[in-house]
Amino acid sequence: MSLPASTPELARGLKGVVLDTTETSFIDGEAGKLLYRGYNIHDLAERSTFEEVIYLLLYGRLPRRQELAELDEALRESRALPPEVIDVIRLVQRAHPMDVLRTAVSALAAFDPDTDDNSEEATLRKAIRLTAQVPTIVAAHHRIRTGQAPVAPNPELNHAANFLYMLHGHTPTEEAARALDVDFILHAEHGTNASAFAARVTVSTGADLHAAIVSAIGTLKGPMHGGAAEAVMRMVQEIGDPERVEEYVQHALAEGRRIMGMGHRVYKVEDPRARHMRERARVLGEKMGQPKWYRILERIAEVTSPLRARGISLNVDFYAGAVYYLLGIPEDLFIPMFAIGRMPGWCAQVLEQMRNNILIRPLLHYVGPMDLEYIPLEERG
């Protein structure tokens with residue numbers, strides 16, 4: 001048996017491989033720095049809105065007042081789902097929310113007038129519609145599966161507030177709406193993470209935006225990508241009291257288990273997005289008379305501080321789960337929340353891939369047997 005003569009250097013998981021150039025986001029994992037099209041995430045989280053960030057990511061610059069108003073109007077006008085898609089959601093309502101979201105986005109392709117048009121102008125129109133429709137899918141599914149009628153979108157509310165309105169059936173407080181708005185900003189874009197890469201691979205074949213977003217949603221569902229916030233909240237509920245944190249952490253580390261919400265494939269210091277969710281978790285907890293969850297999280301951060309020397313620090317999901325919980329969002333919707341926020345980033349990545357497209361087709365190094373003799377079935381016994 002002969003093997004290939006040379007063994008190439010492998011980059012398993014494509015770690016360290018630079019795929020292409022980008023203008024969408026800059027990440028410095030050593031310094032804990034994140035920029036969206038040149039703008040620091042701290043400025044955007046503290047001073048911007050999700051609608052403004054959507055414009056920034058899709059069009060490459062911050063909008064003027066009239067441009068933002070036009071985008072906001074387009075988003076509000078695009079929120080409603082075709083009745084047939086609501087019917088699809090009813091048919092698959094028992095599936096995991098991410099499976100329902102993936103299926104509904106796929107179904108939307110049948111009703112979008114621009115589905116087969118891959119021009120930049122048409123893809124931008126689809127990006128705006130899908131960004132507006134995804135929250136409606138998530139909220140409608142939750143209402144349907146709990147025996148309630150879907151709540152129609154409220155054109156008087158912004159993107160974040162409207163989602164909470166459709167989910168719960170009443171207008172959220174200003175604090176709740178702003179907390180979710182900041183969360184969406186923080187999750188809007190993050191380079192070629194697994195789901196964005198999946199979207200790029202799909203569209204590199206010449207497929208349309210709906211197909212790319214379906215790929216991204218399917219990839220995000222995996223627990224190694226999108227499930228951290230849900231896992232953190234389960235951990236916090238299991239601990240139950242700040243006094244039990246040290247015992248829990250020591251026991252988990254002794255067994256070789258991960259402390260959820262800590263560590264990141266890119267960041268070697270604290271995720272720059274974490275501080276903003278920390279503050280939202282604190283404020284919401286106090287406002288709602290449930291400060292315990294924030295205190296448990298802060299105690300975990302304190303007890304695990306020695307891990308920082310090994311490059312294991314808090315990530316954005318460490319506090320996000322508590323924010324979602326305080327907003328009354330069920331745990332199995334935590335990953336769909338990530339998807340709602342990431343929509344403009346996925347769309348921006350797709351647009352960037354389309355502008356200078358090349359089929360993404362990495363290689364595998366074969367290490368199996370070579371030149372085996374084929375034995376007919378009747379001779380194999």
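The protein has 16 helices and three strands. Helices (H or I, at least four residues) and strands (E, at least two) are DSSP runs, numbered from the N terminus. The model is predicted: local features need pLDDT of at least 70, side-chain atom pairs count only at pLDDT 80 or more, and totals for chains, interfaces and linings use all residues. Residues are numbered from 1 along each chain as its sequence is written, and side-chain values use heavy atoms, with hydrogens and water left out.

Along the principal axes, the C-alpha atoms fill a box of roughly 75 × 55 × 45 Å. Of the contacts between residues at least 6 apart in sequence, 76% join residues at least 24 apart; contact means heavy atoms within 4.5 Å.

The accessible surface comes to about 18500 Å², and carbon and sulfur atoms hold 51% of that surface. Areas come from the Shrake-Rupley method with a 1.4 Å probe; for residues, only the protein chains shown count as cover. Buried residues make up 51% of the 381 residues. Buried means under 20% relative accessible area, exposed over 50%, and partly exposed in between (1.4 Å probe, protein chains only).

Two non-glycine residues with positive phi can be described. Arg37 has a phi of about 45° and sits in the loop between strand 2 (33-36) and strand 3 (39-40). Arg37 is buried because its relative accessible area is 16%. Asp371 has a phi of about 55° and lies in the segment after helix 16 (334-355). Asp371 counts as exposed, at 69% relative accessibility.

Thr21 precedes strand 1 (25-28). Its relative accessible area is 65%, so Thr21 is exposed. The C-alpha atoms of Thr21 and Gln353 are separated by 9.8 Å, although the two residues are 332 apart along the chain.

The second largest pocket has a volume of about 340 Å³. A pocket is an open set of points on a 1 Å grid over the protein atoms alone, where a 1.4 Å probe fits, with protein on both sides within 12 Å along at least five of seven lines; lining residues have an atom within 4 Å of a point. The lining includes Pro8, Arg12, Val17, Pro362 and His365. By class, eight lining residues are nonpolar, two polar and two charged.

Key. Grid points are joined across faces, edges and corners, and a volume is the space filled by probe spheres set on the points. Ala, Val, Leu, Ile, Met, Phe, Trp, Tyr, Cys and Pro count as nonpolar, Asp, Glu, Lys and Arg as charged, and the others, Gly among them, as polar.
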